[in-house]
Amino acid sequence: MNKDLLQLHRLLDGGLSPEDEKDILQKIEADPRLQREFDGLVSAVNLLESGERLSVDAAFSSEVMKRLPVRKEPLSTKIRGFFFGERVLRWNVASFVAVSAVLLVIIVSGLFYQSSGKSYRVADGVSPGTAVKTVSLSFNAPEAKAVSLAGDFNKWSIEAGAMKRKDDGTWTIAVPLKPGVYHYMFVVDGEGWVSDPQAESYRDDGFGNKNAILRIDSI
Amino acid sequence: MKIKMILVILGLLLVYGISGAEPRDLVEIRTAIEKSSLPGEGKITLFKRASEAVGTGIPASDVAVIIKRGVSRGTDGKALEETLGAAITAKEKGLPIRPVLDRIEQGLAKGVPPERIAAATKQLVVKLSTADAIVSNLGKSGLKSGEQSEKGPAVHTVARALEKSIPEDAINKLGRKSIAKGASLSRLSATIDTMAFFVEMGMNLDQASGLIMKAMDKGYSEGEMFMMQKEMSDMMRGKSNINDIMKNMDTMMNSGTMGSGAMGGKGMGGASTSPGTQGACGSGMGGMGGGHRH
């Protein structure tokens, strides 16, 4: 490209000083070849400016790079690239909300599972999700200072099932349980293990005592 | 790329969730052992055994309950190791683990001497092993089994019957009859459970077996089997002797009044509220009893 043509390009780019601009304009006036060249370039600029502007994807560069022929690299370089190579994370609000919702469900269900497994277990053979029923149990012990309900549903914990005393000396508790068969006893003043005298059935506990049996049918 | 990222994040969270549930219980186990009065060597071996139990897949929360309850009652470390060893054996053999853990947790809660807990737990594991073989063989012989989850409770029921000295032959006889009648494993389980209950309450094997066979012939459901237990409990509260109970049960089965309470309430006198009634396995404390379910 000769000097005049270079000056033409600079003129269209707006990169000439006033003196150089005046000089090249005079040359265009005088030289028909240069005049044609200038008209051609102006037409090209107008054509480009009149066309629709296309937006380029933010990851355009990475997509182009991905499509370039892959150079054969040693395994160590590949491993290093896999772990330490920079990646472009593309996201939008919709995918962010969707991922957040999934995470929230996982975390909440995890917390629920952990807390629900602490006090009352699901009976053997009962599928999770079966409707829970609240069962009220009572025990008459006017002289007792404390009575609690312990059973296989709370790992026989004396502390977990503290019962409430009513004015007539009856101790009561409401327990949420899923359908199944449960073994239980009342614990009087933290040490006296007493079977429910009104239980539907009884089972030997393996140590010579009789556990009361509570059967909860599914609806 | 987007899906891969989401899967990686979910995978990490799941790993965190699964592993995150265990360490807290293990920390509790370690703390309980460290605070115990066990000698240094005993602390190390007990913690090793507890970790082994968790490693075999026994829920860490149950191991934590056993250790905490055991050391707080001053239980000998060796006895605790033995009971955990029995649970590990059950788990490794693929036997139902819940009844084993339940027996240990229950024994410790009730203040049963640790040596007795260890012996009772070991005996239960032996019975569970025999019961597992019985149930598996009945399955192979054509007993209908709905869900896999039915097997564990059935094995436990058979083990309990064996603990009550009900012979394997008697159980197999009920199993064969169930197969012939097209009954399911869960119904057979209810049948064996009721027979074990009758024996526990004082019937001899022939009496119990006779009633159960009759119930099977009449096609009693699981609920009706349990109703027989309820009727018998009511009659026992009425202080009836075992022969009278037998006759009454037989009459009710013949007349189709099982579960109607036609005979069960006789002579009970409202034990549910009267202050002087003592519990069926009461501790001898006066002025107690009369619990009831609403």
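Read along its sequence, chain A runs in the pattern α-α-α-α-α-α-β-β-β-β-β-β-β-β, which amounts to six helices and eight strands, where helices (H or I, at least four residues) and strands (E, at least two) are DSSP runs numbered from the N terminus. This is a predicted model, in which local features need pLDDT of at least 70 and side-chain atom pairs count only at pLDDT 80 or more, while totals for chains, interfaces and linings use all residues. Residues are numbered from 1 along each chain as its sequence is written, and chains are lettered from A and ligands numbered from 1 in the order in which they are written.

The predictor's confidence in each residue is given as pLDDT, from 0 to 100, and chain A averages 83, with 89% of its residues scoring at least 70. Within chain A, confidence is highest in strand β2 (residues 147–151), at a mean of 94, and lowest in helix α6 (residues 93–119), at 73. Over residues 115–128 of chain A pLDDT stays under 50, although the model has 26 contacts beyond four places in sequence for them, a contact being two residues whose C-beta atoms, placed from the backbone, lie within 7 Å. Where pLDDT is low, the predicted coordinates should not be read in detail.

Of the contacts in chain A between residues at least 6 apart in sequence, 59% join residues at least 24 apart. Buried residues account for 25% of the 219 residues in chain A, a residue being buried if 20 or more other C-beta atoms, placed from the backbone, lie within 10 Å of its own.

| Helix pair | Angle | Axis distance |
|---|---|---|
| α3(B) (residues 60–72) and α5(B) (residues 98–109) | about 25° | 9 Å |
| α2(B) (residues 40–55) and α4(B) (residues 77–92) | roughly 15° | within 10 Å |

Helices α2(B) and α4(B) are therefore roughly parallel, a term for angles under 35 degrees. Among the residues in their contact are Leu46(B) and Ala50(B) of α2(B) and Leu80(B) and Leu84(B) of α4(B).

Helices α3(B) and α5(B) are likewise roughly parallel to each other. In α3(B), Asp62(B), Val65(B), Ile66(B), Arg69(B) and Gly70(B) meet Leu101(B), Ile104(B), Glu105(B), Leu108(B) and Ala109(B) in α5(B).

Terms used
Axes are lines fitted to C-alpha atoms, for helices over the stretch in contact, and angles run from 0 to 180 degrees between N-to-C directions. Angles under 35 degrees count as roughly parallel, over 145 as roughly antiparallel, 65 to 115 as roughly perpendicular and the rest as oblique. A residue is buried if 20 or more other C-beta atoms lie within 10 Å of its own, exposed if 12 or fewer, and partly exposed in between; C-beta atoms are placed from the backbone.
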